[in-house]
Amino acid sequence: MWRLHQFPLCPFSRAVRFGLAEKGEVVELVEARPWERPDQLFALNPACQTPALENGALVLADSTAILEYVEETIERPPIIGASAAERAEARRLAAWFKERFYAEVTAPLLSERLIKRIVTREMPDGRVLRSAARAAETHLQYVEYLLDHNRWLAGPTFSIADIHAAAQISVADYLSGVDWAGHAQAKMWYSALKSRPSFRAMLADRMEGVRPPAHYDKLDF
Ligand SMILES: N[C@@H](CCC(=O)N[C@@H](CS)C(=O)NCC(=O)O)C(=O)O
């Protein structure tokens with residue numbers, strides 16, 4: 001049985017949950033809060049970061065390493081593209097959302113709206129929130145540019161690009177960091193993802209002390 005050490009608003013853990021669920025795997029969730037530096041998380045991942053995944057003696061960490069492992073060991077359905085070119089594009093875009101979207105949008109929102117709320121008990125900084133909102137707008141425009149050319153972000157098939165993008169966007173949306181107005185095409189893509197059973201289950205999760213906006217888990221938003 002897979003045991004995933006995570007917290008509900010960790011976008012990298014969401015990507016792992018989404019990928020494992022697409023492969024039909026059942027996962028037991030174990031709450032881990034990296035900011036509390038728990039010994040158990042340290043023992044599994046020396047970086048003391050979520051996600052960390054265990055299955056018996058097997059221990060995996062880092063969402064990219066985990067999803068690559070899952071793809072190599074559970075053949076169907078594929079989540080990293082059909083051809084070499086599609087796989088390269090899926091990996092490029094997965095990195096785009098994991099690195100750029102996270103640095104510019106998700107991480108500042110987590111810091112301002114989660115950590116300051118439940119750990120340091122400070123008010124969020126409006127300048128940081130406005131800058132994250134501008135970056136989110138630019139990323140949604142990029143999503144729409146990609147969807148002008150392809151059914152899914154990296155090509156004709158669903159892939160880790162969609163998984164990582166949806167995982168990051170869902171956390172930003174939970175933290176009221178996404179303005180969907182004027183983004184009908186991105187909304188349609190995200191709504192299709194929301195309706196997948198593998199993703200829908202995550203939208204029911206709540207982080208203690210932080211409530212999402214009303215539209216967050218609605219298919220029609
Ligand atoms: N490269 C890692 C990044 C994981 C990561 O940054 N996780 C965050 C939580 S969302 C974390 O544990 N941060 C605590 C820290 O970096 O000390 C992955 O893809 O899994």
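Begin by selecting helix H4, which contributes 7 residues to the lining of the largest pocket, the most of any element (helices are DSSP runs of H or I with at least four residues, numbered from the N terminus). The model is a predicted one, in which local features need pLDDT of at least 70 and side-chain atom pairs count only at pLDDT 80 or more, while totals for chains, interfaces and linings use all residues. Residues are numbered from 1 along each chain as its sequence is written, and side-chain values use heavy atoms, with hydrogens and water left out.

Next, show the whole lining, whose 23 residues include Cys-10, Phe-12, Gln-49, Thr-50 and Tyr-102 as those nearest the pocket centre. A pocket here is an open set of points on a 1 Å grid over the protein atoms alone, where a 1.4 Å probe fits, with protein on both sides within 12 Å along at least five of seven lines, and lining residues have an atom within 4 Å of a point. Helix H1 (11-22) and helix H4 (84-118) are the elements that each give two or more residues to this lining.

Among the residues around the ligand are Phe-7, Pro-34, Ser-63 and Lys-98, each with a heavy atom within 4 Å of it.

Finally, display the polar contacts (pairs of N or O atoms within 3.5 Å): a ligand nitrogen lies 2.9 Å from a polar backbone atom of Thr-50, and a ligand nitrogen lies 2.9 Å from a side-chain N or O atom of Asp-62.

Notes:
A polar contact is a pair of N or O atoms within 3.5 Å; within protein, one must be able to donate a hydrogen and the other to accept it, and residues adjacent in sequence count only if both atoms are side-chain atoms.
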